[in-house]
Amino acid sequence: MSYIEAIILAIIEGLTEFLPVSSTGHLIIGTAILGIEPSAFVKLFTIVIQLGTILSVLVLYYKRFFQSLDFYYKIIVAAIPASILGLLLNDWIDSLLESALMVAVMLVIGGIILLFVDKWFNKPKIQNSDNISYKQAFIIGCYQCLALIPGTSRSASTIVGGMTQTLTRKAAAEFSFFLALPMMFGASVVKLYKFFQEGYTFTPQEINVLIIGNLVGFVVAIVAIRSFIGYLSKYGFKVFGWYRIVVGLIIIVLILSGQNLDVI
């Protein structure tokens, strides 16, 4: 993987990780367009560049992380369901991740759902995610389990889960950001562990590629989060729903035309 390819994929990751559009689907299209050959490092890169994007959450919301231990306890409670399922079904999830068709189908299904979410949950009561109960945190965490199916979008699953618990769109999105930290960090650690366990090592260029990718992802994610919160609060999910449907259909068309997109 070249530095230019790493930068492009990092931009894609930073723009899409916290939006309800599935960063996985976009990385599939990106790697296909760039013609990047599948390899253990490429698969690792698409996961580990998440470390840069979650760092953006720490920077943008750093004050929230110094308020109380209750904040952390709720994140831990919400992280439990997907963490357990993720460890138990890790190999099955990896096999699904290699199916571009699965990602495309879930993009379309999720897009259709997002077209109606604003009408289904239009009576929010909780303005600040700090005010949710432990039960509500756990239920949101259960919704996050849906994101173990590639193409569903972790962000979409948890934001919709938050809205089912009467959170405003903004509060649900912010809790989704916070919940991303343990999940994405854990996924990166597991991926790195498996990479080294299978006997792979980094070349000097690959180390540089990872550093650059995370730096770019960090900067882009900051811009994406700020823009997303403002847009979501005013206009809702419909545009993201249509966008997902279009991207999913594009992937399906590429597959039917003979493109091999099963690369990440």
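Biologist: Before looking at any detail, what is the mean pLDDT of the protein?

Modeller: This is a predicted model, in which local features need pLDDT of at least 70 and side-chain atom pairs count only at pLDDT 80 or more, while totals for chains, interfaces and linings use all residues. Residues are numbered from 1 along each chain as its sequence is written, and side-chain values use heavy atoms, with hydrogens and water left out. The term pLDDT is the predictor's confidence in each residue, from 0 to 100. Here the mean for the protein is 88, and 95% of the residues reach 70 or more.

Biologist: In which helix is confidence lowest, and in which is it highest?

Modeller: Where pLDDT is low, the predicted coordinates should not be read in detail. Helices are DSSP runs of H or I with at least four residues, strands are runs of E with at least two, and both are numbered from the N terminus. Confidence is lowest in helix α6 (residues 90-97), with a mean of 66, and highest in helix α8 (residues 134-144), with 94.

Biologist: How many salt bridges does the structure hold?

Modeller: Side chains of opposite charge can pair when their charged atoms come close. A salt bridge is a side-chain nitrogen of Lys or Arg within 4 Å of a carboxyl oxygen of Asp or Glu. The structure holds four of them. One of these joins the side chains of Glu-174 and Arg-64, at 3.4 Å from N to O. That pair links distant parts of the chain, since Glu-174 is in helix α10 (residues 169-197) and Arg-64 is in the loop between α4 (50-60) and α5 (69-88), 110 residues apart.

Biologist: Are Glu-174 and Arg-64 buried or exposed?

Modeller: Buried means under 20% relative accessible area, exposed means over 50%, and partly exposed lies in between (1.4 Å probe, protein chains only). Glu-174 is buried because its relative accessible area is 8%, and Arg-64 likewise counts as buried because its value is 11%.

Biologist: Which residues form the salt bridge that involves Arg-169?

Modeller: Arg-169 pairs with Asp-118, and the closest N and O atoms are 3.1 Å apart. Arg-169 lies in helix α10 and Asp-118 in helix α7 (residues 100-120), so this pair ties together parts that are 51 residues apart in sequence. Arg-169 is partly exposed, with a relative accessible area of 23%. Elsewhere, salt bridges that share partners join Arg-64, Asp-130 and Glu-174 into one network.

Biologist: How many residues apart are Asp-70 and Lys-74 in helix α5?

Modeller: The side chains of Asp-70 and Lys-74 meet in a salt bridge, at 3.1 Å from N to O. The two residues are four apart in helix α5, so about one helical turn separates them. Asp-70 counts as partly exposed, at 29% relative accessibility, whereas Lys-74 is buried, at 8%.

Biologist: At what angle do α8 and α10 pack?

Modeller: Two packed helices are described by the angle between their axes and the distance between the axes. Axes are lines fitted to C-alpha atoms, for helices over the stretch in contact, and angles run from 0 to 180 degrees between N-to-C directions. For α8 and α10 the angle is about 65°, and the axes are 12 Å apart. That makes α8 roughly perpendicular to α10, where angles under 35 degrees count as roughly parallel, over 145 as roughly antiparallel, 65 to 115 as roughly perpendicular and the rest as oblique.

Biologist: Which residues of α8 and α10 meet?

Modeller: Contact means heavy atoms within 4.5 Å. Ala-137, Ile-140 and Gln-144 in α8 meet Phe-175, Leu-179 and Met-183 in α10.

Biologist: Where is Gly-111 found, and which residues does Gly-111 contact?

Modeller: Gly-111 is found in helix α7 and is buried, with a relative accessible area of 0%. Leaving aside neighbours within four places in sequence, Gly-111 is in contact with Gly-241, Arg-244 and Ile-245.
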